[in-house]
Every structure is written in structure tokens, then in C-alpha cells.
Amino acid sequence: MQIYLSGSFVDKENAKVSVFDHGFLYGDGVFEGMRSYNGKVFKLREHMIRLWNSAKSIAIEIPLSMEEMENAVKATLHANNIREGYVRLVVTRGIGTLGLDAHLCRNPQVIIIADHLALYPKEFYENGLEIVTAATVRTNPAMVSPQIKSMNYLNNILAKIEGHQAGVSEVLMLNTKGEVAECSGDNIFIWTTNGAKSYLHTPPAEAGILEGITRQTVLDIAAELNIPVKESPMTRHDIYIAEECFLTGSAAELIPVVKLDGRLIGSGKPGEVTKKLLKRFQEETQK
Ligand code: PXG
């Protein structure tokens, strides 16, 4: 396996960073996770824009142009002969001293790993996932914005550990107001009926979420299919009484959820709207 490490390709065994890199010492850096279908990275430009926004927010200047970075991503896939896979791109603050001084780190490091993807088992897509609510609250945007895809994922990891202990593979996270935010590594949608109206519902950016690129793709598909959408605060109650629920993420794509906190959602089987959106999403990735 060939890893892109700040301008050159090195073998996996030699792909190492310094213990003085602030990415390692402090989780000081940003990343992206994206997928390649048929040798083409899905929504590459959107991932680059989010990476640049994350870096800007934490005052890291990425040492490449966006075009150069896109070419480096493509070259990494090519060097590893991967057409269907996953790309993990990391930009760290770079080597510094012991101490928080970011300005002493002069050279941000760029790391690109292309690999095959370990998916959720097929049965989860067919039968749907069970999730539980984590006690770990999603980071308040007044502290660090969840819109920054930073190397500091402890908040999400702690929630995911709770899920593992409860025997489920994903967990729901609430914000400090007690509203639904997102899952540890996926955004959440429901399909619900209120009176005579049925619509897709997902928490808004203001709920304190990572604005997923898959989430945006689903919103675009819904608009195109004339499926009504509400982006507004959501509670767990809304999910308990929904007809359908699914999660979105670059790795998971669209995955149905059939149980939350022991309550069956809808019929307890992946729903028709979820299936329709998944089918359309898959077409989109094959373009
Ligand atoms: N929320 C969080 C907190 C995430 O980390 C998403 C939502 C979905 O965003 P996208 O843009 O993928 O639709 C994410 C995605 C990894 C990895 O280890 C990263 C994520 C998901 C799965 C794996 O590279 N982040």
C-alpha cells in the first residue's frame, strides 16, 4: 500500500509522522473521509471545500491548492489501483514543540490513505439498524463547532463506546438543549406524518452537527423528486413516532434504522421512502 505523505508516496510500513506533530500531541488537525466509485471520487470538490473550511476555522493554511489536493487524492487511488474504495485525507498542524503554540508549527502535514472499505454487514441494509441514545452530549458549537471535521473525535468516540457496550453499532447524540443532533459518524433523517402531511425531517445545521455531504446529496435528491423536507429542531419523540428513519454518511451511504431506545420505528422494517432515496443515491454515485 502506497501512502501519500506530504508530497511523496511511501510504503505503509514507512508512512510515519513525528511524535512532535501537533496532530498527534493535541488532535490538532482536520480530515475528510470520502468514497470512490468506479475510480471516481464522489463529490470530491464538496469534500475539498469542507476541508478548506475546517482548516480555515482552526487557522491552518493548507500547503496545496485545491486542484493540487484533488490531483493528489486521484494519484493516491491510482497508485493503489483502487476503483471502489475509501480515501482518508488528513492535514495536521505539523511538527512543533511541547506546548500548545500552533504558530511554532511551520509545516502542516498532508496524509492521504486510500483503502478498501469495511462496510456495515449487508443484513443491516436489508433489515435495518438498531440504535440507542448516548449519554455523551454532542459538542456545543459555542465550544468547538461540530462543523469542523477535526482530528479531535473523542466526543464521537465516547458516544460510540456507549453503543458498543449496549450491543449496537451506531448511537444517537443529542445537543446541549436535548434536541437530536446526529449519530457518532452519520447524519439522521426521518420520514414522518403530521396530520395530512408527510415529509422528510432532519436536524438543521444550528442543532450542532457536521453538515454531511451525503446529507446534502439526500436533500438535493428529495428536492428533485418533489419530496417535502423540513430542516428544523427534532426530538427523540419525533423519531419514536416516525414511519421511517435512516442515517447518511460517506461510509454508510443510506442505512435504515428500525429501532431507537427499544422502540420499533414504523413497521420495524426499512421503509419505502428510504429505499427509493437509496436507489436514487446509488444511481448518483454511478454517474
Ligand atoms: N457526522 C459526523 C460526526 C461525521 O463524522 C458524518 C456526519 C457524515 O458526513 P458525510 O460528509 O460523510 O456524509 C460524518 C462523516 C472516517 C469516517 O473515519 C468519517 C466519517 C464517517 C465515517 C468514517 O474517515 N465522518
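This is a predicted model: local features need pLDDT of at least 70, side-chain atom pairs count only at pLDDT 80 or more; totals for chains, interfaces and linings use all residues.
Rolling a probe the size of a water molecule over the atoms shows where empty space is left. In this model the largest pocket holds about 750 Å³ of space, and its lining is made up of 33 residues, among which Phe31, Tyr86, Lys149, Tyr153 and Gly185 lie nearest the centre. Strand E3 (29–37), strand E5 (85–92), helix H5 (154–166), helix H6 (213–224) and strand E13 (244–249) are the elements that each give two or more residues to this lining. Because domain 1 (2–115) and domain 2 (122–285) both contribute lining residues, the largest pocket lies between them. The table sorts the lining by residue class.

| Class | Residues in the lining of the largest pocket |
|---|---|
| Nonpolar | 14 residues |
| Polar | eleven residues |

When residues up to four places away in sequence are not counted, Asn156 touches Arg138, Met173 and Ser184.

Helix H8 (residues 272–285) has 14 residues, which at 1.5 Å a residue should span 20 Å, and this agrees with its end C-alpha atoms, which are 20 Å apart. The buried residues of H8 are Val273, Thr274, Leu277, Leu278, Arg280, Phe281, Glu284 and Thr285. Their cover includes E3, H6 and E13, together with strand E10 (187–194), strand E11 (197–202) and strand E14 (253–260).

How values were computed: Residues are numbered from 1 along each chain as its sequence is written. Side-chain values use heavy atoms; hydrogens and water are left out. On a 1 Å grid over the protein atoms alone, a cavity is a set of points where a 1.4 Å probe fits but cannot get out, and a pocket is an open set with protein on both sides within 12 Å along at least five of seven lines; lining residues have an atom within 4 Å of a point. Grid points are joined across faces, edges and corners, and a volume is the space filled by probe spheres set on the points. Helices (H or I, at least four residues) and strands (E, at least two) are DSSP runs, numbered from the N terminus. Ala, Val, Leu, Ile, Met, Phe, Trp, Tyr, Cys and Pro count as nonpolar, Asp, Glu, Lys and Arg as charged, and the others, Gly among them, as polar. Domain bounds come from an automatic or database domain assignment. The expected span of a helix is 1.5 Å times one less than its number of residues. Buried means under 20% relative accessible area, exposed over 50%, partly exposed in between (1.4 Å probe, protein chains only). Contact means heavy atoms within 4.5 Å.
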